[in-house]
Amino acid sequence: MRRQDSGVERHIPVLLQSVLAGLAPLAGAKVIDGTFGAGGYSCALLNAGAEVIALDRDPQAIREGQALVDQFFPRLHLIQAEFSQLDQIVEGQVDAVILDIGVSSMQLDEAERGFSFQKDGPLDMRMAQTGFTAADVVNYLKMDDLAQLFKTLGEERYAVRIARMIEKRRCIRPFLRTIDLAHAIEALIGRKPGDHIHPATRVFQALRIYVNNELNELAYGLFAAERVLKAGGRLAVVSFHSLEDRMVKKFLSARSGHKKGSRYLPEIKSVPATFIPLFKGVKTATQEELQQNPRARSARLRISVRTQEAAIAADMKLFSLAEIARFEGSKK
């Protein structure tokens with residue numbers, strides 16, 4: 001970590017230099033930071049001379065970000081909101097949008113938020129600190145729905161076995177703590193010496209995504225960014241796992257203006273391009289960055305430039321997201 005001028009310790013944002021280079025020039029630019037978190041990207045954007053409208057649905061992030069608002073007044077505007085609403089919040093068009101998808105380091109490091117099993121805490125995982133918790137889902141969602149959730153959102157190969165174990169155990173004693181659930185999964189699946197990934201990792205990922213409706217949030221955030229960016233504006237998205245990155249890739253590919261035909265035919269022009277990739281593929285962390293910030297290991301950055309074409313109507317079918325049973329509340 002590093003200490004910012006405000007005196008508040010803030011985590012190092014991943015791929016920071018690549019993001020700044022991709023969004024440059026930033027002096028005088030109007031930028032939306034859709035995932036404020038601990039303020040790492042916003043602070044760097046402000047230091048580069050940008051005006052920043054930062055959003056976060058976590059009330060704790062908003063409270064702790066006030067020192068930064070005071071420091072950079074009047075160029076930082078901090079608003080509690082989901083980034084899927086960014087085009088409803090911001091007046092006019094902007095020069096850039098940055099979305100750092102997933103859970104923040106600040107949330108992961110605080111045991112009481114219940115995002116990680118590295119420290120014992122309540123099985124919570126709510127970014128906005130409202131609504132149902134991960135404990136509610138684990139203890140009350142039907143077994144078949146739990147299995148589908150783990151398989152679809154966590155890509156967990158043992159989804160059915162884990163769901164059956166949870167159904168059996170919760171009848172005796174509910175799951176209320178992160179360590180309890182993690183230990184139960186480890187006891188069921190086992191862990192070979194040298195395994196770098198804990199057997200509960202994918203289940204925790206799936207629960208977090210489900211509790212916070214993260215994939216739908218990402219989809220609507222991409223549509224909103226398309227509507228709010230001016231011609232020549234840039235969209236930067238940092239993702240951390242394959243589900244997110246596939247969605248971003250699908251969106252930008254569909255907005256590139258070409259549609260792939262059969263293997264025997266060239267790409268066929270379908271609709272005007274609303275985005276043009278700034279570079280091919282993704283950027284990942286350098287070895288130097290990984291030494292300073294191991295959490296950058298799985299980060300992938302895509303940046304595209306907005307064209308002058310009108311935004312295309314939002315259509316969730318683009319992402320082919322699997323249907324997962326909606327949590328209707330506990331029986332408490």
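Cys 171 is exposed (over 50% relative accessible area, with a 1.4 Å probe and protein chains only), with a value of 65%. The model is predicted: local features need pLDDT of at least 70, side-chain atom pairs count only at pLDDT 80 or more, and totals for chains, interfaces and linings use all residues. Residues are numbered from 1 along each chain as its sequence is written, and side-chain values use heavy atoms, leaving out hydrogens and water.

**Cysteines**
- Cys 43 has 3% relative accessibility and counts as buried; buried means under 20%, and values between the two cut-offs are partly exposed.
- A disulfide is a covalent bond between the sulfur atoms of two cysteines.
- The structure holds zero disulfides, taking a disulfide as a pair of cysteine sulfur atoms within 2.5 Å.

**Helix 2**
- Helices are DSSP runs of H or I with at least four residues, strands are runs of E with at least two, and both are numbered from the N terminus.
- Helix 2 covers residues 40-47; seven of its eight residues are buried, so the rest of the structure largely encloses it.
- Among the buried residues of helix 2 are Tyr 41, Cys 43 and Leu 45.

**Helix 8 against helix 9**
- Helix 8 (residues 143-154) packs on helix 9 (residues 159-170) at about 140°, with the axes 8 Å apart.
- That makes helix 8 oblique to helix 9; oblique is what remains once angles under 35 degrees (roughly parallel), over 145 (roughly antiparallel) and 65 to 115 (roughly perpendicular) are set aside.
- Axes are lines fitted to C-alpha atoms, for helices over the stretch in contact, and angles run from 0 to 180 degrees between N-to-C directions.
- The contact (heavy atoms within 4.5 Å) includes Leu 146 and Phe 150 of helix 8 and Ile 162 and Ile 166 of helix 9.

- Most residues other than glycine have a negative phi, and most peptide bonds are trans.
- A cis peptide bond joins Ala 24 and Pro 25, with omega about 0°.
- Another cis bond joins Phe 73 and Pro 74, with omega about 5°.
- Leu 15 is not a glycine, yet has a positive phi of about 55°; Leu 15 is buried at 1%.
- Met 125 also has a positive phi, near 75°, and is buried at 0% relative accessibility.

**Arg 208**
- Arg 208 lies in helix 11 (residues 201-211) and counts as buried at 10% relative accessibility.
- Not counting residues up to four places away in sequence, Arg 208 touches residues including Met 125, Glu 214 and Glu 244.
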